[in-house]
Amino acid sequence: MTEDQGVFQNAADAPDVHRLRRGGREVIIVGTAHVSRASAETVTRIIEAEKPDTVCIELCDSRYQAMMNPEAFRNMNIVEVIRKKRVYLLLSHLLLASFQKRIADKLGIQAGQEMIAAVGAAKSSGAEILPVDRDIRTTLSRAWRLMGFWGKMKLLFQMVGAFAEAEDISEEEVEALKEKDALEMVIQELGEMQPGLRKVLIDERDLYLTEKIRSAPGEKVVAVVGAGHVPGIKRSWEKDIDVTALMAMPKKSPLVPVLKWGLPLAIIAFIIGGFFFSGAKAGMNMVVWWIGVNAVLAGLGAIIALGHPLTVLSAAVAAPITSLNPTIAAGWVSGLVEAWLRKPQVRDMETISEDILSARGFWTNKITRVLLVVIFTNLGSMIGTFVALPLMARYWGT
């Protein structure tokens, strides 16, 4: 392998700086920890010394715009989030941001400081700034597509558990984090618990970053990425990569629509059969149990989320109906009611980055509380379906 085709390490560079070649162009990969002050200083030093034509940063365009314009978050429309079924995506994004900010606060620095430093140094040197990460919505959407409802619940609880551990981080662990990418570390941990997620959250992004970096314009390029991505980028440097495939949504299993429509139809047939084979009284008892159990557990979910009394009522009324309608969920109804009754204010947008650092903040911020209402109502409704069925079956054939 020639130097022009392969990878080489300049001994004069820091250990986290890697020099690669592509078609006569030089690409300098700077591996960073997103919560390390030393990483930010290294990034600035490298860009100032190398004077690249382009600086690639491990942000997607939407995250880059959010970093450059923090006030834009105020324009988020929680109603649209519910309508477009992005509640789980938004909540997971907030949880990841919460973890990163907690670690940054432990270190006494700003989360993503090295990316801010890269942008500042690039502007000072006149280099083009190029966000090269895959859009966060695409990454999370592909991850969610791989999981069912219970998989999503498991992941969220695993993430919450990981963040709880961040509160008790030791001084030794803080020092270790300075040498790593804290956010990538927790993603890797989650990937070990759910292997399918690692492929989407890490491996696919390694490929995407590789292609975007090596196709960046200019004779000399500096790419600032999390240290966890560097080995994957180096392994993929000479591979053919299909970016279009990395942006596509995985196809749903053909069993999904069958189960989505089959289960409600089976429940309806089960109830009708109760009337036909067991009589009107038994059939009515089955209906009462269906309505009662679904209503109580969905309403309980809204209560756990500290929903408004009318939100709780809407959850209880909607659940028995929406459980038989695969096109709508009880949580969407209760979430919209909660958003309408307790309209999120500008203050909630301004304080969300701090509120998500604690469980109390999640429940008191009006934005995150709407998300919790949706999730806990849906969870209660789903549990209600499986609890109600055996109770209803007692009247079959009586």
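Reader: Which residues are linked in a network of salt bridges?

Author: Arg19, Glu26, Glu50 and Lys220 are linked in that network. This is a predicted model, in which local features need pLDDT of at least 70, side-chain atom pairs count only at pLDDT 80 or more, and totals for chains, interfaces and linings use all residues. Residues are numbered from 1 along each chain as its sequence is written, and side-chain values use heavy atoms, with hydrogens and water left out.

Reader: What makes lysine 220 and glutamate 50 a salt bridge?

Author: A salt bridge needs a side-chain nitrogen of Lys or Arg within 4 Å of a carboxyl oxygen of Asp or Glu. The closest N and O atoms of lysine 220 and glutamate 50 are 3.0 Å apart, so the pair meets the definition. A search of the whole structure finds 12 salt bridges.

Reader: Why is this pair said to tie parts of the chain together?

Author: Lysine 220 lies in strand β6 and glutamate 50 in helix α1, so the pair joins parts 170 residues apart in sequence. Helices (H or I, at least four residues) and strands (E, at least two) are DSSP runs, numbered from the N terminus.

Reader: Why is glutamate 50 called buried?

Author: Its relative accessible area is 14%. Buried means under 20%, exposed over 50%, and partly exposed in between (1.4 Å probe, protein chains only). Glutamate 50 therefore counts as buried.

Reader: Which side chain meets glutamate 204 in a salt bridge?

Author: The side chain of arginine 142 does, at 2.8 Å from N to O. Glutamate 204 is in helix α10 and arginine 142 in helix α6 (residues 136-145), 62 residues apart. Both residues are buried.

Reader: What separates glutamate 211 and arginine 214?

Author: About one helical turn, because they are 3 residues apart in helix α10.

Reader: Why is leucine 265 called exposed?

Author: Leucine 265 has 53% relative accessibility, so it counts as exposed. The residue is in helix α13 (residues 255-278).

Reader: How do you know that glycine 299 is buried?

Author: Glycine 299 has 4% relative accessibility, so it counts as buried. This residue is found in helix α14 (residues 280-304). Leaving aside neighbours within four places in sequence, glycine 299 is in contact (heavy atoms within 4.5 Å) with Val312, Ala315 and Ala316.

Reader: What is in the largest nonpolar core?

Author: That core has 19 residues, and those with the most contacts inside it are Val30, Ile47, Val55, Ile57, Ala118 and Val222. The largest share, 5 residues, comes from α5. A nonpolar core is a set of buried Ala, Val, Leu, Ile, Met, Phe, Trp, Tyr and Cys residues joined through side-chain atoms within 4.5 Å.

Reader: How many helices and strands are there in the protein chain?

Author: The secondary structure comes to 19 helices and 6 strands. Of the 398 residues of the chain, 49% count as buried.
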